[in-house]
Amino acid sequence: MIGDVDTAASASKRLSPGLNPELLGFTCISCGTEYPVEDYFEGCPRCLVRNAPASLTPRYASEPSVVADQSRLRMQRYAHWLPYRSWVSLGEGGTSCLSFPSLADEVKAKTVYIKNEGQNPSGSHKDRVSCLTVTRAADAGYDRIVAASSGNGGASLALYAAAAGLRCCIVSTPFLSPIFRQAIEMTGAELLTVEDSLERWTLIAGMARNEGWFPATNYLNPPVGSNHFGLPGLATIAFELFEELRGEPLDAVLVPTSRGDLIWGLYVGFSQLKRLGHVRRLPRLYAVEPYPRIQRVLEGEAVTGSFPGATAMTSIGGSTVTYQAVQAIRASGGGAVVVDEQSVMRDQTRLAHHGCYAELSSAASLTGLEKLIAEGKLSSGETAVLIATSNGYKDTPAAGTLA
């Protein structure tokens, strides 16, 4: 088993036995085509031909009969659910989920929980993906890994790549915060800057196809989700919520969303719990976004369309929508809620006053919750979880300043 931090030499010798022996392959979440265990950097090959890119999800010989391995800690408690049973770990997972009664009273909800993913090693939920993605890259024989990022994902991948001894390159835009820039460069990772987010994908596509880099993130337009070995790590948030709340029924989960990796991971995790009979129904999953993208697709526009917009909430920016986000929302009976920047800035301060210092993009979950209650989509008798995807120390000083 891989320990808390492995050197590159020890990782290369010990990663292969960490592949889950129950893993049969991967299945397309759209067309259902089954594929063997292999790397599919562009998602489902069959859907790609139709110009309708779709992500892949793991397929196992059998599902575990228990939620967690009680002998292990943090995310490793759920290793039997994941493509790898051992991985390069920095202690990811095991983040707190606390009730905030005073906040619930303010917004007129029965109960409000905050799942604080800012407590992960790099300060965001991305660590649950990076640990598995880096492990897969090393196991597949790659010595270099590349990703497109607006901040959190890049800082996370750079940290885990350094721990695994892999060369890392993060491709971003001029809008990258100096805080993220320092976090990425301090690991020894290379940082490349291009003019806009779509140009990042063009550069990474060339590096992956022609230069031997392992792509940790999407590079297609229309896009798919992040690496199919890494994405299942986000399902562990649902498992933790189930354990932390001792099976208390959840009505809604508010998820700051760009291309939907997190909301898809939550859907997968809750669906697995439901199949085992641990929960009777899925919570409604609501994507919180800074301008209408997913909302427009749910109303009938093509998922492959372009939905441009500008926002200071860079972690949930972008002009594209993924099939995985739409599927997770529809299957859970949830929706998309659009929040305005000034309200989110107010709510970042509001959350801090209640004891949660969250990144601006994370604070959008509170704004979304209050809007859903005002619109009657969530009642005063229901329980909601806000996913705080990253901590407030990631923001530049002016990010949450009110006018």
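A cavity is a set of points on a 1 Å grid over the protein atoms alone where a 1.4 Å probe fits but cannot get out. Grid points are joined across faces, edges and corners, and a volume is the space filled by probe spheres set on the points. The model is predicted: local features need pLDDT of at least 70, side-chain atom pairs count only at pLDDT 80 or more, and totals for chains, interfaces and linings use all residues. Residues are numbered from 1 along each chain as its sequence is written, and side-chain values use heavy atoms, with hydrogens and water left out.

**Figure 1. The largest cavity and its lining.** Four cavities of 30 Å³ or more are found in a search of the whole structure. The largest has a volume of about 110 Å³. Its lining (residues with an atom within 4 Å of a point) consists of 13 residues, and Tyr40, Phe41, Gly225, Ser226 and Asn227 lie nearest the centre. Five of the lining residues are nonpolar, eight are polar and none is charged. In this classification, Ala, Val, Leu, Ile, Met, Phe, Trp, Tyr, Cys and Pro count as nonpolar, Asp, Glu, Lys and Arg as charged, and the others, Gly among them, as polar.

**Figure 2. The second largest cavity.** This cavity has a volume of about 60 Å³. Leu56, Thr57, Pro58, Leu231, Pro232, Trp264, Gly265 and Val268 line it. Strand 3 (56-60) and helix 9 (261-275) are the elements that give two or more residues to this lining. Helices (H or I, at least four residues) and strands (E, at least two) are DSSP runs, numbered from the N terminus. By class, the lining has six nonpolar, two polar and no charged residues.

**Figure 3. The second largest pocket.** A pocket is an open set of points with protein on both sides within 12 Å along at least five of seven lines. The second largest pocket has a volume of about 280 Å³. Of its 15 lining residues, Thr57, Pro58, Val268, Gln272 and Arg275 lie nearest the centre. Strand 3, helix 8 (235-244) and helix 9 each supply at least two lining residues, and the largest share, six residues, comes from helix 9. The lining comprises 10 nonpolar, three polar and two charged residues.

**Figure 4. The largest nonpolar core.** A nonpolar core is a set of buried Ala, Val, Leu, Ile, Met, Phe, Trp, Tyr and Cys residues joined through side-chain atoms within 4.5 Å. Buried means under 20% relative accessible area, exposed over 50%, and partly exposed in between (1.4 Å probe, protein chains only). The largest core has 84 residues, and those with the most contacts inside it are Ile145, Leu266 and Phe270. Helix 9 gives the largest share of this core, eight residues. Leaving aside residues up to four places away in sequence, Phe270 touches Ala238, Leu241, Leu250, Val253, Val279, Leu282 and Pro283; contact means heavy atoms within 4.5 Å. Another core, of 31 residues, lies apart from the largest one and includes Val107, Leu254, Val344 and Ile373.

Figure 5. The expected span of a helix is 1.5 Å times one less than its number of residues. Because 12 of the 13 residues are buried, helix 4 is largely enclosed by the rest of the structure. Among the buried residues are Asp127, Arg128, Cys131 and Leu132. Their cover includes strand 5 (111-116), strand 6 (144-148), helix 5, strand 9 (214-215) and helix 8. Gly141, which follows helix 4, has a positive phi near 95°.

**Figure 6. Helix 5 (residues 152-164).** The 13 residues of helix 5 should span 18 Å, and its end C-alpha atoms are 19 Å apart, which agrees. Helix 5 is largely enclosed by the rest of the structure, because 10 of its 13 residues are buried. Asn152, Leu157 and Tyr160 are among these buried residues. Just after helix 5, Gly165 takes a positive phi of about 75°.

Figure 7. Arg74 is partly exposed, with a relative accessible area of 34%. Lys108 counts as exposed, at 58% relative accessibility.
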